[in-house]
Each structure stands twice: as C-alpha cells, then as structure tokens.
Amino acid sequence: MHKLIKRAKNQKGFTLVELMVVVIIIGILVAIAVPVYNGVQANARKNAHNANVRTLEGAAALYISENGVDGKIKLTNDDLVPKYLQAWPTNPMKNGEAYKIGLGTDGKITVSPARETVED
C-alpha cells in the first residue's frame, strides 16, 4: 500500500499553466503567419497575372507578324489558340475578369486587364 501512495505522488506531467503558455505561443505564431501567407498568395496571383499578360502580348505579336492586322481591333481565343497558345489563360486575380486583347490604331497591343504592380 505504501508503494501505491508513493507512486501516486511521483507522477510527472505538465501543469495547466505550462500548457496554457504553449497554447498562447502557438496562437502568436499563427497570428503572425496568416497575414504573411496571405501577402505571399496575393503577390503570387499578381505575378501569375503579369506573366499571362506578357504571354498574351507575345502571342498577339506573333499573330500580327504572320497574319497582319487585317482591320481587326480585337484578337480572340479562336485567333490565337492552338497555333500561338496552348490554351487561353485564366485570370488568377480575385475578380477573375477574362483577358481581352486589343490593337490600337498605332499597332500597339493592349491586354485588358492590364498588368498589376507587385510589392517587394
């Protein structure tokens, strides 16, 4: 009987205060990590959008150099896919607006929505 009492007194473990400190530290780390993660995601979407715009500009330039303008003021999916693009890109930005390619009277290629600025 004496051994049982001694064994019960000798139990080791974490106190409630120690567990609460660990939970608070984890909460602080999560509070720091979530905004950083959201910022990285936003920059990745902007970079992907800018890459899509550059790709569309390049495909439009190839189309124009091979086919001429022929009075077209807009290029569509049918004009560029599959010869100049494998597939029409989708806009990764939150609004998800579809890409449109226009040709100015000066021959300048414009892609809408335009490029986004990326924060470093």
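Contact here means heavy atoms within 4.5 Å. The structure is a predicted model in which local features need pLDDT of at least 70 and side-chain atom pairs count only at pLDDT 80 or more, while totals for chains, interfaces and linings use all residues. Residues are numbered from 1 along each chain as its sequence is written, and side-chain values use heavy atoms, with hydrogens and water left out.

**View 1. Surroundings of Trp88.** Apart from neighbours within four places in sequence, Trp88 contacts Leu56, Leu75, Thr76, Asn77, Leu80, Val81, Tyr99 and Ile101.

**View 2. The largest nonpolar core.** A nonpolar core is a set of buried (under 20% relative accessible area, 1.4 Å probe, protein chains only) Ala, Val, Leu, Ile, Met, Phe, Trp, Tyr and Cys residues joined through side-chain atoms within 4.5 Å. Among its 15 residues, Leu56, Leu75, Leu80, Trp88 and Ile101 touch the most other members. Two or more residues each come from α2, β2 (100-103) and β3 (109-112), and α2 gives the largest share, five residues. Helices (H or I, at least four residues) and strands (E, at least two) are DSSP runs, numbered from the N terminus.

**View 3. A nonpolar surface patch.** Ile24, Ile28, Ile32, Val36 and Val40 together present about 470 Å² of accessible area (Shrake-Rupley method, 1.4 Å probe; only the protein chains shown count as cover). Val36 lies in helix α2 (residues 16-67) and is exposed (over 50%), its relative accessible area being 52%.

Terms used:
Patch = residues over 30% accessible without salt bridge, like charges linked within 9 Å, V, L, I, M, F, W, Y side chains within 5 Å. Salt bridge = Lys/Arg side-chain N within 4 Å of Asp/Glu carboxyl O.
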